[in-house]
Amino acid sequence: MTTLKIDGQRLWQSLMDLARIGATPKGGNARLALTALDGQGRDLVTGWMREAGLTVTVDRVGNIFGRRAGRNDALPPVMTGSHIDTQPTGGKFDGCYGVLAGLEVIRTLNDHGVRTEAPLEVAIWTNEEGTRFVPVMMGSGVFAGIFPLQTALDATDRDGKRVADELQAIGYAGAAEVGGRQVGAYFEAHIEQGPILEGADNVIGVVTGSLGLRWYDVTVTGMEAHAGPTPMPLRRDALYGATFLMQEVVRIANDFAPHGRGTVGVINAHPASRNVIPGAVTFTVDLRHEDAGRLAEMDARFRAACAALANGTTTGTPLEVDVRDVQYFPPTPFAPELIGHVRSEAAARGYSHQDIVTGAGHDAVYMASVAPTAMIFVPCKDGISHNEIEDARPEHLEAGANVLLGAMVARAGT
C-alpha cells in the first residue's frame, strides 16, 4: 500500500475550511466544546463524512462515528480519530488533524476503489480539551468506562450549563449507547505539541506510549505577620517554605531524565499584601514519567520533601503542609503490533522517524484500555500548541496521513 497516497492539498483545504469556524484574529481557533460553534464544526465534518459514504452514528455523550463497511463487516473496525473542540486560544491543528487525516484516508480509499477486509471508522470525541467541562477527554473516557455516562452528562460549565442540555442544544445528543462497540484497533494522528521532532529534523514520531502523571494541590500554612517588625528568625513564612518544594519539583524531574517532568503551574499567596508575611500558599504540582515505578519514586521523593518542610528540617521552622492528590494517570504503553505498522510505514515511505512518548493526554490514552492503540506524531512549528500561532507544515501533515493510511490498511487487511 506504500504506492497509495493521500491528497495533501485536499487535507490542507479541509483543515483550513474547518478553521474558519471559530476563527480568531490572531489566526487560531476558539471552538469550545458543545458551543454553537462546536455544533457548526460537527455539522461540517459529518457532512463530509456522509459525502464520503460513511454511515454516521452519534452516541449519548455526543461522540461521532463515521463507518465505512468492510468486506467482512462482522469484524471489529479499525478506528482512527481525535477531537475538534479547541482551547479558548487554540490552533488549527490540535485534534482537528487527527479527525481530518482519518477522513482523508477514507476519501483516498474511495478514490482508488480499495475495499478493506475489516470496516473502518473515523471518530470525533466529545470535549477532549476539558476547557469548558471537566473531566478532560470526556467522550473517550466514558466510552472506555473510565467514568460514568451520568457524571459526564451532569457536568456543568462556569455558567451552570449542563453537558446534557448543551448536547441537545446543538443537536448532538445521540441515541446510541456509549461504549460496548467493538474496536479492533485504534490509531490517532496528531501534531506533536512539543519540540522534539522538529529539533531532530524528523518527520514522523512513532509514539510508543504516554507518560503517566500525578497531579497534586499543595497548601503550605505558616502565620501572617507584619513585614517590618518581625525579625527573620521568628517568621513562619509560608511562601519562603513553599519555594523549597517548588524547586524540588524541578530537581526531581531533572533527576529522572529524560522522561521526567515536573511543573508548578498555579501559585496563590495569602493574604497577598506587599508588607505582610504570607501565612498560606497554595500551588499545583504536575509530575510525569513514562515508567510507573519511576513515577512512584518521584511521588515518594516529593512527599518526603513535604514531610521535611513540615517538621522543620528544611527551613528550621515547622510549617503545616497539606498535599491533596488530584489525579493519577498510569503510564500507558501502546500496542507493539500497531507501533510496528507505524514504524514500517514510515520507513517504507522514506520518512525520517523516531520513537517518542507523548507527554500530553490524548483520547488514545483512554482507548488503549479497550483496544490495541498507537499514535502518529508530526512536527509542529517551534513545538507550540494550545496557542493561536500553532502551525504545521503541509508536507508533514501529508506524511503523517500517509503513514496513517498504510497502518490502517495493514491492520484492516485488503
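Tutor: We shall take a helix, then the cavities, then the salt bridges. Please keep in mind throughout that this is a predicted model.

Student: Which residues of α2 are buried?

Tutor: A residue counts as buried when its relative accessible area is under 20%. In α2 the buried residues are Asp38, Gly39, Gly41, Arg42, Val45, Thr46, Trp48 and Met49.

Student: Against which elements do the buried residues of α2 pack?

Tutor: Their partners include both helices and strands. The helices are α1 (8-19), α3 (96-112) and α6 (163-170), and the strands are β1 (55-58), β2 (64-68) and β4 (120-124).

Student: What follows α2?

Tutor: Gly53 follows α2, and its phi is positive, near 85°.

Student: Which residues line the largest cavity, and how do they divide by class?

Tutor: A lining is read first by its members and then by their classes. Among the residues lining the largest cavity are Met137, Leu211, Leu213, Arg288, Phe329 and Val365. By class, this lining has six nonpolar, four polar and one charged residues.

Student: How is the lining of the second largest cavity made up?

Tutor: The second largest cavity is lined by Thr86, Gln87, Gly90, Gly91, Asp94, Glu129, His386 and Glu390. Its lining has no nonpolar residues, five polar and three charged.

Student: What is the general idea behind a salt bridge?

Tutor: Side chains of opposite charge can pair when their charged atoms come close. In this structure the count comes to 27 salt bridges.

Student: How far apart are the closest N and O atoms of Arg181 and Glu121, and what does this pair tie together?

Tutor: Arg181 forms a salt bridge with Glu121, with the closest N and O atoms 2.7 Å apart. Arg181 lies in the loop between α6 and β5 (185-191) and Glu121 lies in strand β4, so the pair ties together parts that are 60 residues apart in sequence. Arg181 is partly exposed, with a relative accessible area of 28%, whereas Glu121 is buried, at 1%.

Student: Are Arg132 and Asp157 buried or exposed, and where do they lie?

Tutor: Arg132 is buried, and so is Asp157. They form a salt bridge whose closest N and O atoms are 2.9 Å apart. Arg132 lies in the loop between β4 and α4 (138-143) and Asp157 in the loop between α5 (149-154) and α6, so the pair ties together parts that are 25 residues apart in sequence.

Student: Which parts of the chain does the pair of Arg411 and Glu337 link?

Tutor: The side chains of Arg411 and Glu337 meet in a salt bridge of 2.9 Å, N to O. The pair links helix α12 (residues 394-412), which holds Arg411, with helix α10 (residues 336-348), which holds Glu337, 74 residues apart. Arg411 is partly exposed, with a relative accessible area of 26%, and Glu337 is partly exposed at 48%.

Student: Which residues do salt bridges that share partners join into one network?

Tutor: Arg10, Glu104, Arg107 and Asp111 are joined in this way.

Methods:
Residues are numbered from 1 along each chain as its sequence is written. This is a predicted model: local features need pLDDT of at least 70, side-chain atom pairs count only at pLDDT 80 or more; totals for chains, interfaces and linings use all residues. Side-chain values use heavy atoms; hydrogens and water are left out. Buried means under 20% relative accessible area, exposed over 50%, partly exposed in between (1.4 Å probe, protein chains only). Helices (H or I, at least four residues) and strands (E, at least two) are DSSP runs, numbered from the N terminus. Contact means heavy atoms within 4.5 Å. On a 1 Å grid over the protein atoms alone, a cavity is a set of points where a 1.4 Å probe fits but cannot get out, and a pocket is an open set with protein on both sides within 12 Å along at least five of seven lines; lining residues have an atom within 4 Å of a point. Ala, Val, Leu, Ile, Met, Phe, Trp, Tyr, Cys and Pro count as nonpolar, Asp, Glu, Lys and Arg as charged, and the others, Gly among them, as polar. A salt bridge is a side-chain nitrogen of Lys or Arg within 4 Å of a carboxyl oxygen of Asp or Glu.
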